[in-house]
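Biologist: Could you walk me through this model, cut-offs included?

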Amino acid sequence: MKKFFLKLSLYITLLLGLHVVAVLCVDGNTDSFYGRLTTPKVSSMITGTSRAAQGIQPAIINDVNNEFDFYNFGFTVGHSPYGPVYRDAIKRKLKTSDETDGEERYFIVSVTPWAVSNVKNPDDDPTRYRENGWALNELTCLTCKPNLEYLVRYYSMAWGQIITQRLFKVSNVSLQDDGWLKTDLPDDAATVKRRTDLKVKAYVNNVDRYTPSVTRLKALDEIVAYMNSLGKVIIVRLPAGEAILQLERDLMPDFNEKMQDIADKNGVAYHNLVGRAFKDLAFTDGNHLTPKAGVVVSRHIAELLSKD
Amino acid sequence: MLFNSPEFLVFLPLVFAIYWFLKKRVSLQNLLILVASYVFYGWWDYRFLGLIVLSSSIDFVIGLRLSATTKASKRKWLLFTSLFVNLGLLGVFKYYDFFVDSMIESLSWVGVNMNITHLYLVLPVGISFYTFQTLSYTLDIYKKKINPEKDWVAFFAFVSYFPQLVAGPIERASNLLPQFKKKREFSYEQAADGMRQILWGFFKKMAIADNCAYVVDSVFSNHETYGGSTLVLASVLFSFQIYCDFSGYSDIAIGTSKLFGIKLMTNFRVPYLSRDIAEFWRRWHISLTTWFRDYVYFPLGGSKGTINKTIRNTIIVFLVSGFWHGANWTFLFWGFINALLFVPLLIGSRNRKNLGEIGENMKWPSFKLLVAIITNFAIVNFVWIFFRAQDIGNAFGFYKGIFNASLFTLPTFSTEVFRLVPLMLILVVFEWINRKMPHQLDLARFKPWLRRGIYLMVLLTIFFYGRYSSESFIYFQF
């Protein structure tokens, strides 16, 4: 038994050592989410799905007005649709009124029909929501660095990849310190078309599977109300490609009206940026803005926020 | 609880330490195994512990009663009760909604619209495995092959034994129960070999299967957007995925069991090196195929009657085996196609042609052997498409996507595939070199420095390439 433990401990020590090195190497290249679960609580926040995570650049917005100090807390339509889980996670990530020094606080709530819809849940049962089993609901800490619990439970790649990503930066996505997910994807027409076709096809399948959710809309309302009690809020609908937009119209024909209702109820502005003639408007896959287009849209949002 | 989860990394050393601390008391070791197994299973969903306790209790009592009575009619009733309860549980949880949907659809074809209540029951993990395991116990007692177990702790531990509870190997009482009765001695060689097999299992599961899954899932769910060559590539990756996932689990299960001084049966014997479909089915999921052979094929008459009856029995076994895998017509189709491939060998008396070792006395495969292996793999690979497809329509759509001009274009694949190719090559080389060994990291005949170098290489490969997500094993859904 001693010989067994001795030999085993050599291999285990090596393995543990490698994992420690990996933890020391964790950064924005590790994956698309980890960084957002390690930063301290924030005063001002951007929420939404991947459309917001990639499309709204806090640095650009913060440059427009030195009162702005945004953090992008958007994830994906699977991880951060509006609902009880995201609502509670947002509250955990935001500083309370006591924790701020009387600074002005701002909130950008990015909305899409998918973010307020459910898949295969005709009873709208919150216990069956798709995000329930993920980090935002399960992690005990959303501000710990390193966030070992996330790495152990939710980081899905090989831990060795953390080291190689840090050394060689081979990933084409990079989570910035302000929560913006920067992408560096091939942008030749053929590749963009292929990605767009795949994305549209996935969403075509989703139109039949998704149904708008009363509970999610209620959670969105609660989020807006909560943020409104802390500072200034605007609700925005980001541009997307026409094919995706048509599917969104099929999924929820009255989406804009519902968003306007929530905005009116809370006394905040709703800005539907779909159809606006932005310069350099382009998408990586018909759904997500390119970094260049994101700069333009982010600046526009900042101006809207400054005006309202 | 999954083998590739942080909880298991804490669970296993704890159980191992307590187990060998109790080495002088077999009864306490068995009790520990039982409790640990229930914790292991209940970690997933404690509500379904009741089912496994029910199945164990009924078969424990039936086993004792079967042995106590010589009256044929009473013995038949007892056996029938065991079959009814076990297959009934399986039927309700696994197949009820499938039969309801099929009936509704069939009736709608003749213009009858029926509303039948669905149960929408969650399929208890491992139910297909442990019900078969307990059934084999009662069937063997009925046939007077074994005596009943009187120690309920040992019996319950046999049914719920955590390394093999949720995805096999499906053990026979004649192999496993006696091991629970005798004193287990810690053996360094056995434990070290167990660790090697666990390592190899994790390599197959995390480095190969889970990485293949990434590409396979994407292609199979969007197959209309890919060309034929890409679909073929995805089907090959699925062949590796399902093999590495399932045999990886078996390796981890068998290796884990070795740590406790308990030997489980071999479940896979390099099946993709098979020379024909009959040999493939002697090497793939051995615990299940031998179960169907012994409890379905032989009772039907096996090959003792006319050739027509043998063919009938073979087709029935393949259909039942397909259906065992899941409540979907795709699995039945898959089983049926395998039967169609097997039957010609049967008719030509060639189903037992390749019983010997693969590549006997060959350092590397001969050209003839290579052709046989690749041909058989291609056939098996082709049929796996039914197994993976969501439904029959998707399966045929997939085949249609393969057989057109796009088959001759370059495949579209992500960078994931570049990472996979060397890993799959490592697997194939190890499978060939160690084809006669119980597992492919059994390297006793190699020099120590080479052995240790290989272990290190496998460990580092898992660290740098293995997906750490708690992806469940494919066969958990069966």
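Modeller: Two ground rules before we start. This is a predicted model, so to speak: local features need pLDDT of at least 70, side-chain atom pairs count only at pLDDT 80 or more, and totals for chains, interfaces and linings use all residues. Residues are numbered from 1 along each chain as its sequence is written, chains are lettered from A and ligands numbered from 1 in written order, and side-chain values use heavy atoms, with hydrogens and water left out.

Biologist: How many helices and strands are in chain B?

Modeller: Helices (H or I, at least four residues) and strands (E, at least two) are DSSP runs, numbered from the N terminus. For chain B that gives 18 helices and zero strands.

Biologist: What is the radius of gyration of chain B?

Modeller: The C-alpha trace of chain B spans about 70 × 65 × 45 Å along its principal axes. The globule rule (2.2 Å times the number of residues to the power 0.38, with the radius taken over C-alpha atoms) gives 23 Å for 478 residues. Chain B comes close to that, so it is as compact as a globular protein of that length, with a radius of gyration of 23 Å.

Biologist: What percentage of the residues in chain B is buried?

Modeller: Buried means under 20% relative accessible area, exposed over 50%, and partly exposed in between (1.4 Å probe, protein chains only). Of the 478 residues in chain B, the buried share is 56%.

Biologist: Is Asn351(B) buried or exposed?

Modeller: Asn351(B) sits in the loop between α14 and α15 of chain B. Contact means heavy atoms within 4.5 Å, and, not counting residues up to four places away in sequence, Asn351(B) touches Ala278(B), Arg282(B), Phe342(B), Leu345(B) and Leu346(B). Its relative accessibility is 16%, so Asn351(B) counts as buried.

Biologist: Which element gives the most to the lining of the second largest pocket?

Modeller: On a 1 Å grid over the protein atoms alone, a pocket is an open set with protein on both sides within 12 Å along at least five of seven lines, a cavity is a set of points where a 1.4 Å probe fits but cannot get out, and lining residues have an atom within 4 Å of a point. The second largest pocket holds about 1,800 Å³, a volume being the space filled by probe spheres set on points joined across faces, edges and corners. Its lining has 50 residues, with Ile12(A), Leu15(A), Leu9(B), Met195(B) and Leu459(B) nearest the centre. The top contributor, with 13 residues, is α1(A).

Biologist: Which element gives the most to the lining of the second largest cavity?

Modeller: That cavity has a volume of about 40 Å³. Its lining is Phe280(B), Trp281(B), Trp334(B), Asn338(B), Val380(B), Val383(B) and Trp384(B). Elements giving two or more residues are α11, α14 and α15 of chain B, and the one giving the most, with three, is α15(B).

Biologist: Which residues of helix α10 of chain A are buried?

Modeller: The cover over them includes α2, β4, α8, β7 and β8 of chain A. The helix runs over residues 242-251, and its buried residues are Ile244(A), Leu245(A), Leu247(A), Glu248(A) and Leu251(A).

Biologist: What arc do they cover around the axis?

Modeller: The arc is that of the directions from the helix axis to the C-beta atoms. These residues are on the same side of α10(A), because their arc is only 160 degrees.
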